[in-house]
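Subject: Structure handover

Hi,

Here is the structure I promised to pass on. My notes follow below it, so please have a look at the model first.

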Amino acid sequence: MKYDFIVVGHGLAGAILAETLRSRGSKVLVIDEPKANSASRVAAGLLNPVAGKRFAKSWLADTFIPAADAFYTSLEARYGQELFFRKPIYKIFSSIEEQNTWMAKSAGGNWGDYILATHTQSINQPGIDDPYGGIMIGRGGYLHVFAMLDLLTEDLLKQNLMLPERFDMSELQLTEGGVKYKSIEAARLVFCEGYQVVHNPYFKWLPIQPTKGEVLEVQTDQNFSPECIYNKAVYVVPEGAGRFIIGATYDWRNPDEEPTPQGQEELSERFRQITPQPFQVTGHWAGIRPAVRDRRPLAGLHPQYPQLGVFNGMGSKGVLMAPYLARQFAAALAGEEELMPEIHIFRYLSLYYAYTDQQNLQP
């Protein structure tokens, strides 16, 4: 069988890239080993346009948000199922100093519809502990990532466009016209493996830092407002009927996929800082994110083997960034435009040369 592209990996980045390539008329085969605890499947899928203690607008939010909204809306229309839930985010001030930081920041910026309201005192919402107030952030929401991945996977399997198996690097051959994998041929192969790229002999030189994240599902005795997402050191995403997803931890020292008592205690304690309500932990998961040194994604073709590409490094911002970046990468693969330099892997060419020099020196 011959294809235009083989996409290895069907997490958030791989699924959106494969869908984008297919929407342009390309014949795509996806190879992916199903895993219940992949980083994409355990994530709450948060899209937050204003993040961090410094209250910075997310990088290229004005560009990424319309593309994300259009992409998820098109999938919802196709499948007749709500996937992206548009909700404001109530970012709770943790101190008077943080409140002052925001007041100074907001005085000199044009925030438009990203900030719906600023509260300098509690909004007096039952179940919420916010003595210093907070800001209500607009244009946010969350994606049911696992539901989207399940729908796209089912589509691919029905059309025989997915191999549900672990990719075997030893079966990959680079040819004059592209690549060959077992009996399959393609013009190009794109790796969307998440943190597993650190084991990829063609792209292991990229500065990916596997970062573990744990999340909880909790059930509260009383249901405080599900009309917004809460954020104070952790995010709290409403799932309905008193259920909430709480996340996430960041651990680069122990990059495994096992939930820990320490992670549960950390998330539980931070949840208690948002609400005094009693709750029960009903679910606990862990996944590994592909974080990048400069916090920018990685996309591009291999410096020596242009039949191989990579699309990776979204970290915790994949829901926001992946639709636009997949569209741009697909256009770049077709020779229609250049990748933006901030995401191009060639910004790390010095690491590639150092890696190849090291390989050449090995006996």
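First, the ground rules. This is a predicted model, so local features need pLDDT of at least 70 and side-chain atom pairs count only at pLDDT 80 or more, while totals for chains, interfaces and linings use all residues. Residues are numbered from 1 along each chain as its sequence is written, and side-chain values use heavy atoms, with hydrogens and water left out.

**Overall picture**

The protein has eight helices and 21 strands; helices (H or I, at least four residues) and strands (E, at least two) are DSSP runs, numbered from the N terminus. Its C-alpha atoms fill a box of roughly 65 × 40 × 40 Å along the principal axes. The radius of gyration is 21 Å, in agreement with the value near 21 Å for a compact globule of 363 residues. That radius is taken over C-alpha atoms, and the globule rule is 2.2 Å times the number of residues to the power 0.38.

Of the 363 residues, 52% are buried. Here buried means under 20% relative accessible area, exposed means over 50%, and partly exposed is in between (1.4 Å probe, protein chains only). The accessible surface comes to about 16600 Å², and carbon and sulfur atoms account for 49% of that; the areas come from the Shrake-Rupley method with a 1.4 Å probe, and for residues only the protein chains shown count as cover.

Taking contacts (heavy atoms within 4.5 Å) between residues at least 6 apart in sequence, 73% join residues at least 24 apart. As for charge, the mean positions of the 34 positive and 40 negative charges are 3 Å apart. Lys and Arg count as positive and Asp and Glu as negative, with His and the chain ends not counted; each charge is placed at NZ of Lys, CZ of Arg, CG of Asp or CD of Glu.

**Strands and hairpins**

Two strands pair if DSSP finds at least two bridges between them. On that basis, three strands form an open antiparallel sheet in the order S3-S10-S6. Strand S3 (46–47) and strand S6 (84–86) are at the edges with a single partner strand each, so one side of each has no neighbour in the sheet. S6 is joined to strand S10 (residues 141–143) by three bridges, and Phe84 has Leu143 in S10 as its bridge partner.

Now back to the hairpins. Strand S12 (residues 172–175) and strand S13 (residues 178–181) run antiparallel and are joined by four bridges, with Leu174 opposite Val179 in S13. Two residues make the hairpin link from S12 to S13. S13 also pairs with strand S14 (residues 184–191), again in the antiparallel sense, over three bridges. The hairpin of S13 and S14 has two residues between the strands as well, and Lys182 there takes a positive phi near 55 degrees.

**Loops worth a look**

Where does the chain hold a cis peptide bond? Between Gly247 and Ala248, with omega about -5 degrees. Ala248 is in the loop between strand S18 (243–247) and helix H6 (261–272).

Asn160 is not a glycine, yet has a positive phi of about 55 degrees. This residue is in the loop between helix H5 (145–158) and strand S11 (162–163) and is exposed, at 61% relative accessible area. Arg295 also has a positive phi, near 60 degrees; its loop runs between strand S19 (279–292) and strand S20 (298–301), and Arg295 is exposed at 73%.

Ser26, in the loop between helix H1 (12–23) and strand S2 (28–31), counts as buried at 19% relative accessibility. Neighbours within four places in sequence aside, Ser26 is in contact with Asp4, Phe5 and Leu21.

Helix H7 (residues 318–333) is mostly covered, with 14 of its 16 residues buried. Just after H7, Gly335 takes a positive phi of about 75 degrees. In helix H4 (residues 96–107) you will find Glu97, which is exposed at 52% relative accessibility. Glu97 and Tyr132 are 35 residues apart in sequence, and their C-alpha atoms are 9.6 Å apart in space.
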